[in-house]
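The sequence and structure come before the notes.

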2 protein chains.
Amino acid sequence: MKLRVVLVEPLYEGNVGSVARAMKNFGFHELVLVNPCKIEDFGSAMASHARDVLQMARTFAGLPEALVGANLVVGTTGKRLDEAQHHLRLHLRVPCFTPAELAGKLQGKEGTVALLLGREDCGLNSEELALCDMLVSIPTSSEYPVMNLSHSAAVLFYELSQNDNGKCCQVEMARGESLALLQERIRSLLAEVSYPVHKVEFTLLMLRRILGRAELTEREARTLLGLIKRIRWRIAGCGKPESPEQS
Amino acid sequence: MKLRVVLVEPLYEGNVGSVARAMKNFGFHELVLVNPCKIEDFGSAMASHARDVLQMARTFAGLPEALVGANLVVGTTGKRLDEAQHHLRLHLRVPCFTPAELAGKLQGKEGTVALLLGREDCGLNSEELALCDMLVSIPTSSEYPVMNLSHSAAVLFYELSQNDNGKCCQVEMARGESLALLQERIRSLLAEVSYPVHKVEFTLLMLRRILGRAELTEREARTLLGLIKRIRWRIAGCGKPESPEQS
């Protein structure tokens with residue numbers, strides 16, 4: 001899936017630069033501007049290390065030209081409940097997906113998706129919405145639903161980029177054997193500290209759940225095993241301060 | 001779950017205002033600033049209709065004061081792979097969750113979560129990261145991983161705001177004092193089992209993170225405190241099998 005970001009008549013160059021930055025942050029590069037404001041030093045500064053995205057952006061006078069070659073056109077729309085009375089307008093705006101639902105829909109798809117973001121003050125108009133195959137809306141607070149343009153963009157890029165990459169940091173999860181060994185050693189430790197027999201199973205389960213929820217790494221499991229070994233050695237030896245490493 | 005947004009030494013007032021706006025967009029209101037830049041007209045303009053969030057923000061000189069009363073401290077960290085060589089630094093930064101994983105973890109929890117966002121140029125430093133129970137990192141492109149502060153904030157608020165929609169049983173999270181007491185008792189235990197001095201800080205931090213990721217309930221914290229008390233009593237008494245309950 002290739003994303004083409006289409007800004008329709010953006011009013012502030014700072015927002016255009018910020019959108020370019022957010023695009024590059026999430027691995028997107030194709031920016032198209034429809035009848036934009038002038039983009040000068042401030043827009044370029046806001047793009048920061050994504051100036052290349054801004055410089056390679058294509059500019060068109062109208063929306064239809066900006067959509068040539070797109071397989072799917074997705075429009076973004078905010079909460080504008082006051083407009084909902086009008087039948088056609090309502091139809092234009094619903095049903096729409098959440099960003100997560102949109103990402104799910106596009107998962108594993110090939111082709112170019114044009115994502116339309118409208119003007120800062122009034123979004124996409126009826127004719128523009130009519131060109132969209134699908135709508136997406138970010139669930140916001142009814143108290144203040146109007147997001148900054150580049151914030152909306154960042155949230156959408158974030159969701160759409162999840163389709164490609166997985167977790168943020170790859171860390172080796174604890175192996176099943178290590179977790180089983182931990183349970184066994186904790187059980188021995190409980191016996192050695194005369195833990196009340198009727199509480200043993202409860203506490204073992206509780207510890208298993210705590211460690212399970214923490215999603216232990218293999219390294220952490222080994223450190224815990226080392227710590228328990230040392231405690232048990234200390235209890236067994238009772239006051240002999242030799243190192244347990246040799247045992 | 002109540003979210004407290006903590007900006008640590010933000011450099012640009014525009015970002016502070018933008019974060020306030022994104023907070024209100026997603027229904028969050030408690031903003032805390034640690035040693036911030038001056039916030040004047042531009043910051044206020046960027047906050048737009050969230051000026052009230054900015055005006056009600058509390059300001060502190062240091063991070064510890066800003067965390068008083070928080071049940072869980074979550075640090076945000078970007079990709080800084082060049083630092084990964086250093087042992088403690090690596091440990092300070094991994095493992096971390098994606099925003100979606102963090103939202104899943106916090107689902108259905110009660111209590112105050114402090115979400116720390118660091119400086120625009122260098123994020124949170126090692127001492128600040130050491131105060132965190134959990135880390136979150138937004139998966140970004142390796143080509144340009146450094147996001148604008150308010151964009152990161154918007155993505156995090158977006159994910160965390162989804163939590164209120166879902167229903168789950170409410171569980172009392174461990175109190176800050178209980179977690180602090182656990183740290184203190186584990187430190188004493190490590191000393192009593194002659195844990196290698198050069199490993200103590202590392203292991204304490206690791207345990208803090210494990211317990212943080214597990215999001216201990218108050219009941220679990222009390223059970224762990226009881227278990228540690230019993231172990232320490234067993235070590236001190238060396239072979240006297242009386243119950244510690246009376247002690």
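**Strand pairing in chain B**

Within β6(B), B:Ala114 is the bridge partner of B:Val73, helices (H or I, at least four residues) and strands (E, at least two) being DSSP runs numbered from the N terminus. This is a predicted model, in which local features need pLDDT of at least 70, side-chain atom pairs count only at pLDDT 80 or more, and totals for chains, interfaces and linings use all residues. Residues are numbered from 1 along each chain as its sequence is written, while chains are lettered from A and ligands numbered from 1 in the order in which they are written.

- Strand β4 (residues 72-76) of chain B is joined by 4 bridges to strand β6 (residues 112-117) of chain B, and the two run parallel; two strands pair if DSSP finds at least two bridges between them.
- With β7(B), β4(B) pairs in the parallel sense over 3 bridges, and in β7(B) the bridge partner of B:Thr76 is B:Val136.
- Of the 5 residues of β4(B), 5 are buried, so the strand is largely enclosed by the rest of the structure; a residue is buried if 20 or more other C-beta atoms, placed from the backbone, lie within 10 Å of its own.
- In a regular strand the side chains alternate between the two faces of the sheet.
- From β4(B), B:Leu72, B:Val74 and B:Thr76 point one way, whereas B:Val73 and B:Gly75 point the other way, and all are buried.

**The sheet as a whole**

- An open sheet is formed by 6 strands of chain B in the order β3-β2-β1-β6-β4-β7, with parallel pairing.
- At the edges stand β3 (58-60) and β7 (134-136) of chain B, each with a single partner strand, so one side of each is left without a neighbour in the sheet.
- From one strand to the next the twist averages 25°, with angles running from 0 to 180 degrees between N-to-C directions and axes being lines fitted to C-alpha atoms, for helices over the stretch in contact.
- Strands β1 (residues 2-8) and β2 (residues 30-34) of chain B run parallel and are joined by 5 bridges, and B:Val8 has B:Val34 in β2(B) as its bridge partner.
- Helix α1(B) packs on the sheet, touching β1 and β2 of chain B, and its direction makes about 170° with that of β1(B).

**The side facing chain A**

- In chain B, 48 residues are in contact with 48 residues of chain A, contact meaning that C-beta atoms, placed from the backbone, lie within 7 Å.
- The largest share of this side of chain B, 7 residues, comes from α11(B).

How values were computed:
Contact = placed C-beta atoms within 7 Å. Buried ≥ 20, exposed ≤ 12 C-beta atoms within 10 Å, placed from the backbone.
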